[in-house]
Structures are given as structure tokens and as C-alpha cells.
Amino acid sequence: MDINFEYYKIFYFVAKYRNMTKAAAALGSNQPNVSRIIKLLESQLNCRLFIREARGIRLTQEGELLYSHAESAYQLLKSAQDEITRKDSPNCGTAEIGATATALSLFLLHILHDFRLQYPAINIKIHNHTTPEILKQLTGGRLDFAAITSPFELPPNYLSVKVLDFREMLVGGTQYKHLCQNPLALTEFPKYPWIGLGRETATYHLYKDFFAKHKIDIEPDMEVETSSLMLPMIENNLGIGFIPESLAAPLLKEKKLVKIRIDCDMPMHSIHIVCDRKKSKNPAADTLYKYITSSPALL
């Protein structure tokens, strides 16, 4: 099937903006022409790609599939273009990275602050998702590299550099102060409401495995996307939960949270910088990658 690749470019912008007029403006075209091209593409692919609705358009199942590939192709071509046009300029360009909220809070933010002072002309686009979602985007070619939280499994061609180990502590709001008197037996844990990260996160599976090894079958009573969202819920006595020690420390000092000792060692977490070892990075991304992985904090 010989389809004009320009059609896919137009499809990509329509799918990105979910609006024919906005896509046309971004392409420097007009709405009737964009609409005509989409109809031609649908005809040649023999399927509908969009459903027109009162508030705009949405992708069909076939449209979602095509968009996932079109987006990856667009990002790869854009990266190649950036690499060609800036191959002699490692101090400018754009780096696209994925990062979990924990990786950002515990490791990346202060490093990125220093990096921006040294390389102000390099633009950094951060995609904040869970570890599984970031790995999906990374292997799909949408990211230059990523900072993710264990546990995870990498394909054979991917490189992982561990940058930080950390533990979490069990904390609760002031309503749970009575639990601070003696270490809490792990078998007693299910008696209290547990606020944890959602099942689409790596941390959820880490704790599920941890409890399973102690023959405890338990699910969070409330699920949230990030540790930062857990803190206000725990502070307001909605339950207890495991929080990275450095994130909990300020609220413990202000006596808005209490530390609950537990009668066993908690699992260790780690933050890793991962990338595709076979895919060359554009100069900006390579500069950022080398800066992060050679940070004095790692020495």
C-alpha cells in the first residue's frame, strides 16, 4: 500500500490537537484541506480514524493504534533532525526525559537546577509518569532516557545506572500517635487503613511482594499516583502509609506526622537512569545524561 507520508504527518497533528482547525494552523494549512487529507487516509486504510463529536474529535481504536506509531516516528525524526542540525553544538537543543515523581523529588530536581545554570540553552522536557508507563515510552522511542524507581525489568539492549538507594518509613497522622509506643507487628498492619500507590506503579508491586513473602494478603484502602499526593491524605488521618524518609522528614519535624516503627526491615528502593544503549542521543540529551550519571552525589 503506497500512502503519501505527508498524510501521516497531517494525521499526527490532528490526533495531537484533537482539532482540525488547530492542526491546520500548526501545519500552516487550512481546515478544509486537512479534513480532505484525513478522509483520503481513512479511505486508503479502509477504517475510521476519528469520530466527530460536539466538542471536537476523538480517536477510534484504529486511530489510537496509528497515533502511537506516528508519535514515535515523529519524535525519532525530530531527534534525528536535532542531532544533524546541532551535532556540533552540545550546549543547546532539547532533551526529553521521563521521570517518576519519586525520582524527581529525591534526586533529579537539585541536579537539574545546577545543570540549568551551566547549560541555560538546553531545553528539558520532563514526562512525569509511573515506572511502567515511562518504560513503555522509552522503548517506544519517545524519550532520550529516563529516571525510574525500582522494581522494573529492562529489555536486553537497555543500560541502567543506579544513582540512589533509599528506604521508606511508615507514617501516620497525629490520630495514630498511639502506634508510636511500640514497634508495630507486620501482622497487625492490615488492621489499619493503608494509603498506597496504585497498582500501575512499581512501588505497588514491591509492597505486594513484600507482604506476600510474610504471608499477608492486603490491598491499599486508598490508591494515589504519587508519594506527594499521599502526604496530605496521611496528614489528615485518612490512613497510614510508606513515604520516602526525606519527604516525610519536614512534616515529622513540624509534628504533623508521626513515625510508626515496624518490627521488620522494609524493602530497599533505588532510582536508576536508564537508556537504550543502541540508540544514539542528540547532543543536548547526551550532555544531560553524562551530567546526571557523573554527578558528584554518585561518587
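**Figure 1. Contacts across the protein chain of a predicted model.** Among the contacts in the protein chain with a separation of 6 or more, 74% join residues 24 or more positions apart. Keep that in mind as you trace the chain: its secondary structure comes to ten helices and twelve strands.

**Figure 2. The extent and surface of the protein chain.** Taken along the principal axes, the C-alpha atoms fill a box of roughly 70 × 45 × 35 Å. The protein chain has 299 residues, and 46% of them count as buried. Its accessible surface comes to about 16,000 Å², and carbon and sulfur atoms account for 51% of that area.

**Figure 3. Helices α1 and α2 pack against each other.** Here we zoom in on two helices. Two packed helices are described by the angle between their axes and by the distance between those axes. Helix α1 covers residues 5-17 and helix α2 covers residues 20-27; their angle is about 130 degrees, and their axes lie 8 Å apart. Because of that angle, α1 is oblique to α2. The crossing of the two helices, α1 and α2, is right-handed.

**Figure 4. The residues that make the contact between α1 and α2.** Which residues of α1 and α2 make the contact? From α1 come Lys 9, Ile 10, Phe 13, Val 14 and Tyr 17. Sorted by class, the contact of α1 with α2 has eight nonpolar residues, two charged residues and no polar ones.

How values were computed. Residues are numbered from 1 along each chain as its sequence is written. This is a predicted model: local features need pLDDT of at least 70, side-chain atom pairs count only at pLDDT 80 or more; totals for chains, interfaces and linings use all residues. Side-chain values use heavy atoms; hydrogens and water are left out. Axes are lines fitted to C-alpha atoms, for helices over the stretch in contact, and angles run from 0 to 180 degrees between N-to-C directions. Helices (H or I, at least four residues) and strands (E, at least two) are DSSP runs, numbered from the N terminus. Angles under 35 degrees count as roughly parallel, over 145 as roughly antiparallel, 65 to 115 as roughly perpendicular and the rest as oblique. A crossing is left-handed if the near helix is turned anticlockwise from the far one by less than a right angle, and right-handed if clockwise. Contact means heavy atoms within 4.5 Å. Ala, Val, Leu, Ile, Met, Phe, Trp, Tyr, Cys and Pro count as nonpolar, Asp, Glu, Lys and Arg as charged, and the others, Gly among them, as polar. Buried means under 20% relative accessible area, exposed over 50%, partly exposed in between (1.4 Å probe, protein chains only). Accessible areas come from the Shrake-Rupley method with a 1.4 Å probe; for residues, only the protein chains shown count as cover.
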